[in-house]
Amino acid sequence: MFCAAFVLGKAQLSDGSVAPNFTVYEIDKSNGSIISSNPYTLYEYTDAGKTVYLDFFATWCGPCWSYHTSGAFESLYTQYGPNGTNEIMAFGIEGSYGNYASLNGTGPDNSGSSTQGNWLNGVLYPIIPTTMSPNTAAVVNSYSISYFPTVYMVCPNRIVYEVGQQSAANLYSAKTQVCPQYDASQDNNGLLVKLSNIDNTYLCEATATPKVLLENVGNANMTSAVLSITFDGQTTTFNWTGNLAKYATNEVTLPQFTTNGDGVHTYTVELVSVNGVNDTDTSGNTQSFSFYVSADVTDGDVSQDFSDFGAPWFVDNYNYMGIYSNGAMFFNAYSASSGITGSLYAPIMDITRFTSPSLKFDVAHQRYQSASERLQVQASTNCGTSWTNLYNKAGANLATVTGSSGSQFIPTASQWRTEVVDLSSIVDKTNVILRFRFTSGYGNLVWIDNISVYEGVGIEENEAEGLSIYPNPTSNVLHVSSGIPVQDVQIFNLQGQLVLTQSGDVQTVSVADMANGVYMMKVTTVDGTVTTQKIVKQ
């Protein structure tokens with residue numbers, strides 16, 4: 001996890017932003033004085049063609065210390081810095097309340113917080129302390145540091161990217177994978193740095209006004225440029241005029257587009273010419289963005305067990321949502337700062353074919369200390385313009401495992417709970433979109449699985465004393481063991497359809513004739529206790 005910074009509420013610089021210039025001074029590691037005779041200016045390094053790495057840390061921050069002691073940043077500087085191949089420059093910037101005592105591991109920082117250790121011993125790259133070096137506090141503010149550690153990479157064209165705590169090899173490879181390679185000797189040369197203002201997904205139709213960041217990397221001022229736009233099989237030309245000095249940028253607003261075609265679309269912009277001259281250095285001249293439009297209404301079954309995830313189901317936050325190897329979806333609130341959201345969208349459906357529809361899904365969650373994640377099920381009948389809550393649980397109410405976990409939570413088979421949501425409030429709607437909405441409390445992972453919309457009332461869920469169903473998965477027979485005799489067993493598929501029932505003093509259930517897949521098994525004991533559990537036939 002990240003350490004929270006003292007400037008909470010500010011956002012990190014977005015990838016593709018222009019890096020603010022700075023001039024800073026390093027600390028003399030032997031005596032704690034500031035070496036004012038040796039200033040470091042960012043643009044002097046980038047203009048010389050070097051890539052600059054900035055490690056913003058705090059002396060009290062545990063994850064910062066772990067990264068520091070890994071030696072990755074030191075190795076990057078040693079191999080590729082001024083005393084190595086001289087391709088990069090690296091700075092460690094203490095962005096909190098660090099002083100000489102906290103930096104050399106002998107005392108607390110200026111806020112009274114304990115240091116993690118000696119940050120200066122054996123370090124060759126410059127260390128810049130915020131509270132001691134002139135201008136450094138302004139650097140922390142201009143780079144919008146909202147958590148520690150933050151590791152930025154500034155490319156030679158002055159564009160910044162957050163690269164994170166990676167090995168020296170990965171940090172170095174990012175230089176060639178992310179930073180554009182261009183001919184700095186040309187007079188007329190431009191780059192398209194970043195395409196923005198298009199969302200990952202749209203419901204019913206997509207309407208957007210794209211923007212592209214145009215940068216001049218030529219020696220002559222850029223006064224005109226021709227852009228080629230390709231979208232949905234059509235190519236158009238866009239003419240730009242202005243006046244950009246070398247390394248200056250302009251966010252160009254492109255024409256609005258609209259499409260209601262269901263499926264994946266790609267929007268591409270290419271820089272064709274600069275100042276009336278064809279740009280012969282075509283590296284960095286193209287930006288593309290692919291997005292998904294969900295427009296078709298399904299009249300078939302709506303179910304998802306994440307064994308084969310894809311359209312027309314989709315998520316809107318790939319940074320923090322994913323499919324685990326066990327075939328379940330997770331929202332990674334362990335890494336997502338508080339307030340970050342992510343949603344899973346079901347296909348647009350005509351729900352009028354049901355009489356008493358219900359939504360069923362499995363959830364698993366264990367809290368991280370007192371952090372409170374939230375899961376909502378919401379419905380929209382107007383293509384996402386507004387949403388109505390159908391299910392809303394957070395914190396202890398959402399948790400399926402008691403207690404707190406200090407590590408990332410990966411559920412076992414017994415740590416899931418089945419939830420059933422009544423959909424009768426929208427039964428008369430022909431264009432319904434359901435979404436699972438996660439909100440991070442910066443705590444732990446939230447899992448969902450085995451989603452289905454089906455006809456019928458929800459399955460009651462209680463807890464049978466001493467119930468054990470094994471082996472699970474199975475290809476033949478399930479054994480049912482319970483402290484209270486079992487009265488009957490029912491097995492439902494993920495569409496809520498009853499596929500097997502068995503009554504009496506049930507101790508074994510044969511599933512040999514059932515198709516392979518995931519099912520829900522409902523067990524009722526003689527005292528009326530009902531338990532549901534996921535089973536897998538293989």
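In this predicted model, helix α3 (residues 72–80) and helix α6 (residues 168–177) have axes that come within 8 Å of each other and cross at roughly 55 degrees. On the α3 side, Ala 72, Phe 73, Ser 75, Leu 76, Gln 79 and Tyr 80 take part in the contact, and they meet Ala 168, Leu 171 and Tyr 172 of α6. Sorted by class, the residues of this contact comprise seven nonpolar and two polar ones, with no charged residue among them.

With a relative accessible area of 9%, Ala 72 counts as buried because the value falls under 20%. Once residues up to four places away in sequence are set aside, Ala 72 touches Tyr 67, Gln 166, Ser 167 and Ala 168. Ala 72 can also be set against a residue elsewhere in the chain: its C-alpha atom is separated by 56 Å from that of Thr 430, and the two residues are 358 residues apart along the chain.

A loop residue comes next. Gln 415 is placed in the loop between α7 (395–398) and β32 (417–422), where a polar atom of the Gln 415 side chain lies 2.8 Å from the backbone nitrogen of Thr 412. Leaving out neighbours within four places in sequence, the residues in contact with Gln 415 are Val 363, Ala 364, Thr 400, Val 401, Phe 409 and Ile 410.

Strand β40 (residues 517–525) pairs with strand β41 (residues 530–537) in the antiparallel sense, over eight bridges. Within this pairing, Lys 522 stands opposite Thr 532 in β41. The two strands, β40 and β41, form a hairpin with four residues between them, and Gly 528, which lies in the turn, has a positive phi of about 90 degrees. As a general point, side chains in a regular strand alternate between the two faces of the sheet.

The following table collects values for the protein chain.

| Property of the protein chain | Value |
|---|---|
| Secondary-structure elements | seven helices and 41 strands |
| Box filled by the C-alpha atoms, along the principal axes | roughly 90 × 65 × 35 Å |
| Share of the 538 residues that count as buried | 50% |
| Share of contacts between residues at least 6 apart in sequence that join residues at least 24 apart | 71% |

Definitions and conventions: Residues are numbered from 1 along each chain as its sequence is written. This is a predicted model: local features need pLDDT of at least 70, side-chain atom pairs count only at pLDDT 80 or more; totals for chains, interfaces and linings use all residues. Side-chain values use heavy atoms; hydrogens and water are left out. Two strands pair if DSSP finds at least two bridges between them. Axes are lines fitted to C-alpha atoms, for helices over the stretch in contact, and angles run from 0 to 180 degrees between N-to-C directions. Contact means heavy atoms within 4.5 Å. Ala, Val, Leu, Ile, Met, Phe, Trp, Tyr, Cys and Pro count as nonpolar, Asp, Glu, Lys and Arg as charged, and the others, Gly among them, as polar. A polar contact is a pair of N or O atoms within 3.5 Å; within protein, one must be able to donate a hydrogen and the other to accept it, and residues adjacent in sequence count only if both atoms are side-chain atoms. Buried means under 20% relative accessible area, exposed over 50%, partly exposed in between (1.4 Å probe, protein chains only).
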